[in-house]
Amino acid sequence: MKTGRLNTSISIYELTTTTDSSGDITETWTLSGTVRASVKQVDGSRYLNIAELVDKVIYKIVTWNNNYANNLRVVYGSLTLYPMRPPTINTDRSGREVITIYGVTKQ
């Protein structure tokens, strides 16, 4: 398995939805910030998804919490990672909030 370097730069995007007067919904991914993080591949597997073989690789992303929404995605190099579940927020020894995201390359 690959391991990420400490202080790797990632970009976090948050999903924003707007509804116009006719009820049409528009979804927009807005850059929330580019931050340093630790990114580590923790699992890789294949599964059959509607008659198609798909690779599902799971990454663990750890960075400081900047009050990100639950509906986010992470861009790490050429990869776009989507959270498997809502991010987990903990406090480190310095009292800073640390956010942990388990993201997948394809859902």
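Me: How many salt bridges does the structure hold?
Reply: This is a predicted model, where local features need pLDDT of at least 70, side-chain atom pairs count only at pLDDT 80 or more, and totals for chains, interfaces and linings use all residues. Residues are numbered from 1 along each chain as its sequence is written, and side-chain values use heavy atoms, with hydrogens and water left out. A salt bridge puts a side-chain nitrogen of Lys or Arg within 4 Å of a carboxyl oxygen of Asp or Glu. The count for the structure is one.

Me: Which residue forms a salt bridge with Asp 92?
Reply: Side chains of opposite charge can pair when their charged atoms come close. For Asp 92, the closest N and O atoms are 2.9 Å from those of its partner. That partner is Arg 96.

Me: Is Ser 11 buried or exposed?
Reply: Buried means under 20% relative accessible area, exposed means over 50%, and partly exposed lies in between (1.4 Å probe, protein chains only). Ser 11 has a relative accessible area of 16%, so Ser 11 is buried.

Me: With which side chain does the side chain of Ser 11 make a polar contact?
Reply: A polar contact is a pair of N or O atoms within 3.5 Å; within protein, one must be able to donate a hydrogen and the other to accept it, and residues adjacent in sequence count only if both atoms are side-chain atoms. For Ser 11 the distance is 3.3 Å. The partner is Thr 34.

Me: How many residues does the largest nonpolar core have?
Reply: Such a core is a set of buried Ala, Val, Leu, Ile, Met, Phe, Trp, Tyr and Cys residues joined through side-chain atoms within 4.5 Å. Those with the most contacts inside it include Ile 10, Ile 12 and Tyr 68. The core has 14 residues.

Me: Beyond its neighbours within four places in sequence, which residues is Tyr 68 in contact with?
Reply: Contact means heavy atoms within 4.5 Å. Neighbours within four places in sequence are left aside. The list is Ile 12, Glu 14, Ser 32, Val 35 and Ile 99.

Me: Which residue lies over the face of Tyr 13?
Reply: A charge sits over a ring if NZ of Lys or CZ of Arg is within 6 Å of the ring centre and within 35 degrees of the ring normal. Here the distance from the ring centre is 5.2 Å. The residue is Arg 73.
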